[in-house]
Amino acid sequence: MSSSVIDYFATEARFGAHNYEPIGVVLSRGEGVWVWDTDGNRYLDCLSAYSAVSQGHCHPKILAAMVEQAHRLTLTSRAFHNDQLAPFYEEIAALTGSHKVLPMNSGAEAVESAIKSVRKWGYEVKGVPDGQAEIIVCADNFHGRTLGIVGFSTDPETRGHFGPFAPGFRIIPFGDDAALEQAITPNTVAFLVEPIQGEAGVIIPPAGYFTRVRELCTANNFMLVLDEIQTGLGRTGKLLAEQHEGIEADVTLLGKALSGGFYPVSAVLSNNEVLGTLRPGQHGSTFGGNPLACAVARAAMRVLVEEGMIENAAMQGARLLEGLKDIRANTVRDVRGRGLMLAVELHPEAGRARRYCEALQGKGILAKDTHGHTIRIAPPLVITSDEVDWALEQFATTLTQDFS
Ligand SMILES: *Cc1c(COP(=O)(O)O)cnc(C)c1O
């Protein structure tokens, strides 16, 4: 390890808030599925910045769109129109089959905006008494880090000592439609849920769950809000994860890969009157919908479709899942995934997943543990069969080791 690498560690530790515990690698360059550290070592990125760089690092067409737009116009605020917003609306609406779009920046902002919108819809359209709106959410959810959102987290690390929190949320188990049915009241305005729980460890709900959820939302007149910030835009092998379930959400949240990792861009999409309840002055964002963000997002959506990344995610995801299932290691308790959103859950006796991630780093793979015993695997959607096969060899030799 070179001395400059040690400097990065020490300087970060000295000046930075310690709200992360990164793997010991300092990255300085990326291209496609690969990243390089400051010593020139190459790694296959199996995290993709939590699915934000689905299109691959520094995708040349997104880069060109960003540079070109940065030369022309970057920010106008929404006090004026800009010539990128209308085409962005048109293209994202066409891609996702939505009627209305609210552009924001981070994923958490999209979630917050959805919460505000469904509450407003509840009071002004459904007729819920003021201040009484209820939103149903799931245990082990991850929707972001703002105060509003962490208040309905069930993870003690996420919410501990950050209160007091906003009321108006009911928490039920994920994948349990009977629990949803029981939690509904006349004041329910929305059910906010991830199609697959990502941060919880790639938890896929039972077949038929979302069909029943959709029925309950429609029958009881409340909004199904799907947080597709991680699952959306091809990650699971379909444009939206809801397509695996054969349903349509009322409100869909996108972020992360919406910019291919170049810039924070998120969006609230609706196919009904929910976003129509927001009037001038009632919600906003200085950077939301800015021309640079719109140009980047337009290019990010275009390459996703034009370069067949969604189909590739389905194909390579199946290859990777099958290969991982074929690794006969006593350390492995479960392998699961959909498209290129996968996880290997280790037996608790096998040692901490972080230890395996560090061993993978030594073999040229960067992956991230979650919840102690699960290794999450989510490479960029541009990965090839040869790269999948190479990765499988590294996983096989690592997972058959014992770090307990
Ligand atoms: C990452 C993520 C968010 C939060 O996005 P930020 O851009 O980090 O605010 C929200 N929901 C889900 C499902 C996510 O994976």
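Residues are numbered from 1 along each chain as its sequence is written, and side-chain values use heavy atoms, with hydrogens and water left out. Because the model is predicted, local features need pLDDT of at least 70 and side-chain atom pairs count only at pLDDT 80 or more, while totals for chains, interfaces and linings use all residues.

Helices (H or I, at least four residues) and strands (E, at least two) are DSSP runs, numbered from the N terminus. Two strands are said to pair if DSSP finds at least two bridges between them. In general, strands of a sheet pair through backbone hydrogen bonds, either parallel or antiparallel.

Strand 11 and strand 12 are antiparallel and share six bridges, and Gly-337 has Leu-342 of strand 12 as its bridge partner. These two strands form a hairpin with two residues between them, in which Gly-339 takes a positive phi near 60°. Strand 12 (residues 341–346) pairs in turn with strand 15 (residues 374–377), in the antiparallel sense and over four bridges. Here Ala-343 has Arg-376 as its bridge partner in strand 15, and Glu-345 stands opposite Thr-374. Strand 14 is joined to strand 15 by three bridges, and the two run antiparallel; Asp-369 stands opposite Ile-375. The hairpin of strand 14 and strand 15 has three residues between the strands, and His-371 takes a positive phi near 55° in it.

How are the residues of strand 12 covered? Six of its six residues are buried, where buried means under 20% relative accessible area, exposed over 50%, and partly exposed in between (1.4 Å probe, protein chains only). In a regular strand the side chains alternate between the two faces of the sheet. Met-341, Ala-343 and Glu-345 point one way from strand 12, Leu-342, Val-344 and Leu-346 point the other way, and all are buried. In strand 15, Thr-374 and Arg-376 point one way and Ile-375 and Ile-377 the other, again with all of them buried.

Another open sheet of four strands has the order 1-2-3-13, with mixed pairing. Strand 1 (27–31) and strand 13 are its edges, each with a single partner strand, so one side of each is left without a neighbour in the sheet. Strand 2 (residues 34–37) and strand 3 (residues 42–45) run antiparallel and are joined by three bridges, with Tyr-43 of strand 3 as the bridge partner of Val-35. Lys-363 is found in the loop between helix 13 (353–362) and strand 13 (365–366). Lys-363 counts as partly exposed because its relative accessibility is 27%.

An N or O atom in the side chain of Asp-227 is 2.7 Å from a nitrogen atom of the ligand. Backbone N or O atoms also take part: one of Gly-107 lies 2.8 Å from a ligand oxygen atom, and one of Phe-142 lies 3.4 Å from a ligand nitrogen atom.

Most residues other than glycine have a negative phi, and most peptide bonds are trans. Ala-49, in helix 2 (residues 48–51), has a positive phi near 50°. Cys-58 has a positive phi of about 50° and lies in the loop between helix 2 and helix 3 (60–72). A cis peptide bond joins Gly-163 and Pro-164, with omega about 5°.

Conventions: Polar contact = N/O pair within 3.5 Å; in protein donor to acceptor, adjacent residues only side chain to side chain.
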